Amino acid sequence: MNVFVYGTLKPGESNYYLCKNYVIAAKPAIAYGKLFHLPVGYPAMTPGDDHVHGYLLSFPDSQILPTLDDLEDYHPSKSVSENLYQREYIKIFQPTGESLGWAWVYLMTPDKVNQLNGIFQPHGCWSPN
C-alpha cells in the first residue's frame, strides 16, 4: 500500500514519526498537482498540472490509513466541505518521469486553500522554513 507525501509526513519532517516504524520503503517521487504553503505551517496540494515533489511511502498494508486520516482531518463519512483534506488515489512518478504506479494522497480543495491564505509554491517543493 502506497502513500504519496509532500509535507510534514516526508522523512525528516515533524510528523514522519507517525509512520516511520511501518514504512518498508521511501522513494523520492513526484505527482501532478499544485503545491501551496499555508501560513499555519504546513502545505496543501490541489489537483493541477505542475510537478509536486515528495516521497512515495510504501507500507505492508493499509493499517496506517486511520492514523494518517486523523492527522489530515479526513473522515470518509463526512462531506468534502467538512474535511480539511480529501484522500484520493492518483498516479505517482519517479523524478525522472517513469511511473511508480498509484498511491493515496491527501489533497485540499482550491476553495479551502484560498480560505487558509495558501501561497503557491511554483517550484513544487515544500519545507517548513
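1. A pocket, as the word is used here, is an open set of grid points where a 1.4 Å probe fits, with protein on both sides within 12 Å along at least five of seven lines. By that definition, the largest pocket in this predicted model has a volume of about 200 Å³. Fourteen residues line the largest pocket, and those nearest its centre are Thr 8, Leu 9, Pro 43, Glu 72 and Tyr 85. By class, the lining comprises ten nonpolar residues, three polar and one charged.

2. Thr 8, one of the residues nearest the centre of the largest pocket, sits in the loop between E1 and E2. Thr 8 has a relative accessible area of 15% and therefore counts as buried, the cut-off being under 20%. Apart from neighbours within four places in sequence, Thr 8 is in contact with Glu 13, Ser 14, Asn 15, Tyr 16, Tyr 42, Pro 43 and Trp 126. Pro 43, in that contact list, is also among the residues nearest the pocket centre.

3. The largest nonpolar core has 35 residues, and the members that touch the most others are Phe 4, Tyr 6, Cys 19, Met 45, Tyr 85 and Ile 92. Two or more residues of this core come from each of strands E1 (2–5), E2 (25–37) and E3 (43–58), helix H1 (65–71), and strands E4 and E5. In soluble globular proteins, nonpolar side chains tend to be buried together. Of the core members named, Tyr 85 also lies among the residues nearest the centre of the largest pocket. Cys 19 touches Leu 9, Leu 57, Phe 59 and Ile 64, leaving out residues up to four places away in sequence.

4. Strand E3 pairs with two other strands. With E1 the pairing is antiparallel over four bridges, and Val 3 has Leu 57 in E3 as its bridge partner. With E2 the pairing is again antiparallel, over 13 bridges, and here Leu 35 stands opposite Met 45 in E3. The hairpin of E2 and E3 has five residues between the strands, and Gly 41 in this hairpin takes a positive phi near 110°.

5. E4 (residues 86–93) and E5 (residues 99–107) run antiparallel and are joined by eight bridges. Ile 92 faces Gly 101 in E5; Ile 92 is also one of the core members with the most contacts to other members. Five residues lie between the strands of this hairpin, where Gly 97 has a positive phi near 110°.

6. Ala 44 belongs to strand E3. Ala 44 has a relative accessible area of 0%, so this residue is classed as buried. Beyond residues up to four places away in sequence, Ala 44 touches Tyr 6, Lys 34, Leu 35, Phe 36, Leu 38, Tyr 85, Met 108 and Val 113. Between the C-alpha atoms of Ala 44 and Gly 97, which are 53 residues apart along the chain, the separation is 22 Å.

7. Two non-glycine residues deserve a check of their backbone. Most residues other than glycine have a negative phi. Asp 73, however, has a positive phi near 50° and is placed in the loop between H1 and E4. The relative accessible area of Asp 73 is 32%, so Asp 73 counts as partly exposed. Asn 117 has a positive phi near 60° and lies in the loop between helix H2 (110–115) and strand E6 (119–120). With a relative accessibility of 53%, Asn 117 is therefore exposed, the cut-off being over 50%.

8. Asp 69 is a residue of helix H1. Asp 69 is buried because its relative accessible area is 7%. Excluding neighbours within four places in sequence, Asp 69 is in contact with Tyr 74, Pro 76, Arg 87 and Tyr 106.

9. At 19% relative accessibility Leu 84 counts as buried, the cut-off being under 20%. Not counting residues up to four places away in sequence, Leu 84 touches Tyr 42, Glu 72, Asp 73, Met 108, Lys 112 and Leu 116. Of these, Glu 72 is also one of the residues nearest the centre of the largest pocket. The C-alpha atoms of Leu 84 and Asp 69 are separated by 10 Å, with the two residues 15 apart along the chain.

Key:
Residues numbered from 1 in each chain as written. Predicted model: local features only at pLDDT ≥ 70, side-chain atom pairs only at ≥ 80, totals over all residues. Heavy atoms only, no water. Pairing = 2+ DSSP bridges. 1 Å grid on protein atoms, 1.4 Å probe; cavity = no way out; pocket = protein on both sides within 12 Å on 5 of 7 lines; lining within 4 Å. Points joined across faces, edges and corners; volume = space filled by probe spheres on them. Nonpolar A, V, L, I, M, F, W, Y, C, P; charged D, E, K, R; others polar. Core = buried A, V, L, I, M, F, W, Y, C linked by side-chain atoms within 4.5 Å. Buried < 20%, exposed > 50% of the residue type's maximum accessible area, 1.4 Å probe, protein only. Contact = heavy atoms within 4.5 Å.
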